[in-house]
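Subject: Structure for you to look at

Hello,

Here is the structure we talked about passing on. Please open it beside this message, as the notes below follow it element by element.

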Amino acid sequence: MKERKLEPGIHTDLDRKMSYSDYLGLDQILTAQKPLSDPEHHDEMLFLIMHQTAELWFKQVLHEVHAAIQFIQNDNLEPCMKILSRVKLIQEILYKQWGILATLTPVEYAQFRHVLGNASGFQSPLYRELEFILGNKNSSYLNVYKNDSEVHAHLSDILNKPSLYDEFQLYLQRKGFPIDAGHLQRDWSEAYEAHPSVTESVKMVYMDSQTHWSIYEMCEKLVDLEEAFQLWRFRHMKTVERIIGFKKGTGGSSGVGFLKKALELTFFPELFNVRTEID
């Protein structure tokens, strides 16, 4: 193979200069994998890295969704289109990661599963914040974080604020759509329930999408987000089923049964209900 020579302008003396590793904090990231199995099981590294990278992507999705909320609050939907398109692409990565984990055989995982103790993915503060900010509110989940006052306070704050979908409905009301005022003055910490005035407002958008194009496009971006989230939930459930069958979850849940119930949850029900209403 022909050798590619190093170009003379490339920096090789990085003494007292910021390097690639410095900027990314690779010392912290690449030493964060600490397998607990003894002797170390080969596949525990995969389990750690898969879940750690998922947490990083959750962090990015939250970064994007919080930005989208600010734009909506400022009556500026246009930037949300790019933001939610990016979120969808991240969701595709998160979905595909389950396929990598599914290369674990039941025997391989059983050989190191005990080191997890009571640790479980549903304890993830970032995942819980993501569920809350998308509208799946449930105050009982705060009990998981009662021993971490900072996390508990942050999630409690998110729980009691309007979700992304709530902010979108408040935007629609400001634009003159007939969304019931009482619906938008409810307790934000309560789980979201569909309201006929929202369905009617969304129907007005869909029936005249040319007039309300930005709003229509936002609706479709939210549909994309929910659909991708549901696919992720389904793949999670099937991966767990494939690897541990119907064993109880490490966090105390029923395992596959608990994950199946999540498939019944919906973030933006009127965006799907409206399809039945359209003639």
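At what angle do helix α8 and helix α10 pack, and how far apart are their axes? The angle is about 165°, and the axes lie 12 Å apart; α8 covers residues 164-174 and α10 covers residues 213-244. Since angles over 145 degrees count as roughly antiparallel, α8 is therefore roughly antiparallel to α10. The crossing of α8 past α10 is left-handed. On the α8 side, the contact is made by Leu164, Tyr165, Phe168, Tyr171 and Leu172, and on the α10 side by Ile215, Met218, Cys219, Leu222 and Leu225. By class, the residues of this contact between α8 and α10 are ten nonpolar, no polar and no charged.

Please keep in mind that this is a predicted model.

The overall picture

The chain has twelve helices and zero strands. Read along the sequence, the pattern is α-α-α-α-α-α-α-α-α-α-α-α. The C-alpha trace spans about 60 × 55 × 40 Å along its principal axes.

Helix α9 (residues 196-207) packs with helix α12 (residues 269-277) at an angle of about 65°, and their axes are 9 Å apart. An angle of 65 to 115 degrees counts as roughly perpendicular, so α9 and α12 are roughly perpendicular to each other. α9 passes α12 in a crossing that is right-handed. From α9, the residues in contact are Val198, Thr199, Val202, Lys203 and Tyr206; they meet Glu270, Leu271, Asn273, Val274, Arg275 and Glu277 of α12. What classes do the residues of the contact of α9 with α12 divide into? There are five nonpolar, two polar and four charged residues in this contact.

A pocket

The second largest pocket has a volume of about 190 Å³. Its lining consists of Gln28, Ile29, Leu30, Ala32, Gln33, Ile49, Gln52, Thr53 and Leu56. Two helices, α2 (26-29) and α3 (44-73), each supply at least two residues of that lining. Which of the elements gives the most to the lining of the second largest pocket? That is α3, with four residues. By class, the lining of this pocket has five nonpolar and four polar residues, and no charged ones.

Those are the notes for this handover.

Regards

Terms used:
Residues are numbered from 1 along each chain as its sequence is written. This is a predicted model: local features need pLDDT of at least 70, side-chain atom pairs count only at pLDDT 80 or more; totals for chains, interfaces and linings use all residues. Side-chain values use heavy atoms; hydrogens and water are left out. On a 1 Å grid over the protein atoms alone, a cavity is a set of points where a 1.4 Å probe fits but cannot get out, and a pocket is an open set with protein on both sides within 12 Å along at least five of seven lines; lining residues have an atom within 4 Å of a point. Grid points are joined across faces, edges and corners, and a volume is the space filled by probe spheres set on the points. Ala, Val, Leu, Ile, Met, Phe, Trp, Tyr, Cys and Pro count as nonpolar, Asp, Glu, Lys and Arg as charged, and the others, Gly among them, as polar. Axes are lines fitted to C-alpha atoms, for helices over the stretch in contact, and angles run from 0 to 180 degrees between N-to-C directions. Angles under 35 degrees count as roughly parallel, over 145 as roughly antiparallel, 65 to 115 as roughly perpendicular and the rest as oblique. A crossing is left-handed if the near helix is turned anticlockwise from the far one by less than a right angle, and right-handed if clockwise. Contact means heavy atoms within 4.5 Å.
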